[in-house]
Amino acid sequence: MGREAHSNEGDGGRREGESRHVPVMLQRCLDLLAPALEGPDAVVVDCTLGLGGHSEALLARFPDARLVALDRDKEALRLSGERLAPHGERATLVHAVYDELPEVLHRLGIARVQGVLFDLGVSSMQLDEADRGFAYAQDAPLDMRMDQTTGVSAAEVLNTYPPGELVRILRAYGEEKQAKRIVSAIVREREKEPFSNSARLVELIRDALPQAAKRTGGNPAKRTFQALRIEVNGELSVLERAIPAAVKALDVGGRIAVLSYHSLEDRLVKQVFAAGAAVTAPPGLPVVPERYQPRLKLLTRGAELPTEEEIAENRRAAPARLRGAQRIREDVE
């Protein structure tokens with residue numbers, strides 16, 4: 001979970017747009033996309049702009065390419081806009097969720113693109129700004145909305161969802177084995193007083209879990225916070241629409257790279273790529289017509305992992321999984 005990460009965890013400062021943010025698996029992402037972006041008039045889409053680290057590197061590495069970058073977080077757009085300003089009109093920044101990619105490209109008059117990058121999860125800025133409520137390590141309002149201008153907050157989810165729905169969310173999105181136990185405690189406590197801040201939720205989870213469950217897997221609140229964040233931002237349903245839409249937007253020869261940070265995201269990406277790379281003909285045909293041929297070629301063997309050196313430099317890279325694919329033919333009706 002988390003995209004660009006601190007290279008200096010202890011500085012405590014908040015100097016805007018500074019270079020201490022290290023994009024995850026940056027070199028590998030650039031290398032995967034390179035064959036599609038080195039020609040003239042290439043367009044590359046960064047679907048998850050964040051603080052602009054990947055975008056800045058794309059603009060620097062491919063000096064003839066045009067960048068379209070999306071983010072639902074207005075503060076991220078402001079900060080990365082300052083960072084990318086030296087590149088002028090080569091960079092177009094858009095306030096949008098990444099499943100809105102087809103509409104964004106249509107508005108910009110772009111029929112097809114040559115490269116797409118997704119860096120999923122929460123950006124460092126969101127984790128590090130205490131008042132956003134993403135991090136369980138510090139007390140903050142339970143918000144967790146990536147776009148703070150719309151949608152329900154994590155507090156509203158906790159205070160209003162039926163118990164069965166909360167159990168489903170914690171199990172499905174957080175893979176939390178103790179979901180029933182945690183939700184029973186939440187329901188009991190919210191009747192006394194609605195939830196508003198993260199510290200109370202973290203304490204409740206610690207108290208609700210059996211000792212054995214607290215010994216493994218880091219902070220016991222991690223899975224619940226992940227589940228709430230995914231629910232609040234509709235992340236998996238957005239991703240289900242976004243990856244196929246991005247593949248469809250690719251020109252033949254175009255490439256897509258996706259960095260995910262937990263198994264649910266990675267599974268979704270894997271399924272879309274695998275379906276695109278499969279022959280869909282009924283069995284037994286002597287010759288496979290073009291409409292049944294694969295549309296994608298996989299560029300990674302399974303999911304690639306960050307190196308030990310990168311994890312040492314950038315602790316938020318540890319759970320990252322990278323998958324890449326290339327569009328190899330048009331859709332044939």
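Colleague: In what order do the 7 strands of the open sheet come?

Modeller: The order is β5-β4-β3-β6-β7-β9-β8, and the pairing is mixed. Strands pair if DSSP finds at least two bridges between them. The strands themselves are DSSP runs (E, at least two residues), as are the helices (H or I, at least four), numbered from the N terminus.

Colleague: Which are the edge strands?

Modeller: β5 (91-95) and β8 (296-298), each of which pairs on one side only. On average, neighbouring strands of this sheet are turned by 20 degrees against each other, direction ignored. Axes here are lines fitted to C-alpha atoms, for helices over the stretch in contact, and angles run from 0 to 180 degrees between N-to-C directions.

Colleague: Before I go on, what kind of model is this?

Modeller: It is a predicted model: local features need pLDDT of at least 70 and side-chain atom pairs count only at pLDDT 80 or more, while totals for chains, interfaces and linings use all residues. Residues are numbered from 1 along each chain as its sequence is written, and side-chain values use heavy atoms, with hydrogens and water left out.

Colleague: OK, β3. Which way do its side chains point?

Modeller: In β3 (residues 43-46), V43 and V45 point one way and V44 and D46 the other, and all are buried. Buried means under 20% relative accessible area, exposed is over 50%, and partly exposed is in between (1.4 Å probe, protein chains only).

Colleague: And what does β3 pair with?

Modeller: β3 runs parallel to β4 (residues 66-71), joined by 4 bridges, and V45 sits opposite V68 there. β3 also pairs with β6 (residues 113-119) in the parallel sense, over 3 bridges. D46 has L117 of β6 as its bridge partner.

Colleague: Then where does an antiparallel pair turn up?

Modeller: Between β7 (residues 250-260) and β9 (residues 321-327), over 6 bridges. V258 faces R323 in that pair.

Colleague: Switching to helices: how do α8 and α9 pack?

Modeller: α8 (residues 179-192) and α9 (residues 198-208) pack at about 130 degrees, with axes 9 Å apart. They are therefore oblique to each other. For the cut-offs, under 35 degrees is roughly parallel, over 145 roughly antiparallel, 65 to 115 roughly perpendicular, and the rest oblique. The α8 and α9 crossing is right-handed; a crossing gets that name if the near helix is turned clockwise from the far one by less than a right angle, and left-handed if anticlockwise.

Colleague: How many disulfides are there?

Modeller: The search of the whole structure finds 0, a disulfide being a pair of cysteine sulfur atoms within 2.5 Å. C29 is buried at 2% relative accessible area, and C47 is buried at 1%.
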